[in-house]
Amino acid sequence: DRLGHTKMLLSLLVLLLVSPRVFGDGCIHGGFDFSTLSPAKGITASTDVGDITLNPCGTMTGDSQFCSFNDAGVQRDCGRIDQWSGEDSLSLTLTGGDFCTPRMGAPRSEYGATIYFRCDSSAGVGTPKPTDAFPASRCTDTQTEFVFEWRTSLVCKGGLSFGGVMLIIILVCTLLYLGCGFGYLWFRKGARGLQAIPNWAFWKALPRLVLDGFLFAFSFGKKLPTGAYSAI
């Protein structure tokens, strides 16, 4: 029946709302939202030692999560997140990358990277650029640290994240819904008290609908909401 359909749809809506990806807060560092960086793509930086792909937000390919490059057909990991530091000047240190041997008989060298973020409101997401401290070769006698400067609007203060924009839209729509609905019922229908609240019967039943939605969703459909469908 209609109530059963409503409860099932509500259960899906509840699961969607509790997902952090809806509000874009899955990758926040130093108070800045990096979630617009797709974990599947990353940002590629062109350097003298080849293209290096960076992503502060997660897995790109295989086991390389935050920094990787192609070495003669082999995907190399050039570091995992060690620490974020700074507020006005945010930086990211990556350590624990793959090892390389700079020359015959030399000790192995570990890849790492440091990214210095700089606010540039006109740059959009921007692209990391190698600094003067960037190594001249891909594998050196000491730890091979790739050093970048990343000018991006993602670290500029005062802007709204995707989550903030979504919350504002939801709040405005809610106020319009309540205000317009209340005015219509009060002045055109003569409703008074709780009956002047738009769709009062639905909101009164909402707590039970939410509970039924959770029970249905988290039981993988085995526990049907009250009054919905008969078990087969």
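## The core

A nonpolar core, as used here, is a set of buried Ala, Val, Leu, Ile, Met, Phe, Trp, Tyr and Cys residues joined through side-chain atoms within 4.5 Å. In this predicted model, the largest such core has 29 residues. Phe34, Ile52, Phe117, Phe146 and Phe148 have the most contacts inside it. Six strands each supply at least two residues of this core: strand 3, strand 4, strand 5, strand 8 (91-95), strand 10 (109-119) and strand 12 (144-152). Strand 10 gives the most, with four residues.

Leaving out residues up to four places away in sequence, Phe148 touches Ala45, Thr47, Ile52 and Leu54, then Thr114, Ile115 and Tyr116, and finally Pro128, Lys129, Pro130, Thr131 and Phe134.

## The overall picture

Stepping back, the protein has three helices and 12 strands. Of its 232 residues, 34% are buried. If you take the contacts between residues at least 6 apart in sequence, 50% of them join residues at least 24 apart.

As a reminder, strands of a sheet pair through backbone hydrogen bonds, either parallel or antiparallel.

Going pair by pair, strand 3 and strand 4 are antiparallel and share five bridges. They form a hairpin with two residues between them, and Thr44 has Thr53 in strand 4 as its bridge partner. Next along, strand 4 (residues 50-54) is joined to strand 5 (residues 67-71) by three bridges, again antiparallel. Here Ile52 stands opposite Phe69 in strand 5. That is the Ile52 listed among the core residues with the most contacts, and Phe148 touches it too.

Thr93 lies in strand 8. Its relative accessible area is 17%, which is under the 20% cut-off, so Thr93 counts as buried. Neighbours within four places in sequence aside, Thr93 is in contact with Arg80, Ile81, Asp82 and Gln83, plus Ala113 and Thr114. Thr114 also turns up among the residues that Phe148 touches.

Ala133 sits in the loop between strand 11 (128-130) and strand 12. With a relative accessible area of 53%, Ala133 is exposed, because the cut-off for that label is over 50%. Even so, Ala133 touches Glu145 and Val147, not counting residues up to four places away in sequence. Ala133 and Glu145 are 12 residues apart in sequence, and their C-alpha atoms are 8.8 Å apart in space.

## Helix 3

Helix 3 covers residues 200-218, 19 residues in total. From first C-alpha to last it reaches 28 Å, close to the 27 Å expected at 1.5 Å a residue. Helix 3 also bends by about 50° at Leu206, and a proline, Pro207, follows within four residues.

Which residues of helix 3 are buried? They are Leu209, Asp212, Gly213, Phe216 and Ala217.

Note on methods
Residues numbered from 1 in each chain as written. Predicted model: local features only at pLDDT ≥ 70, side-chain atom pairs only at ≥ 80, totals over all residues. Heavy atoms only, no water. Pairing = 2+ DSSP bridges. Buried < 20%, exposed > 50% of the residue type's maximum accessible area, 1.4 Å probe, protein only. Contact = heavy atoms within 4.5 Å. Expected span 1.5 Å × (residues − 1). Bend = angle between axes of the 7 residues up to and from the residue.
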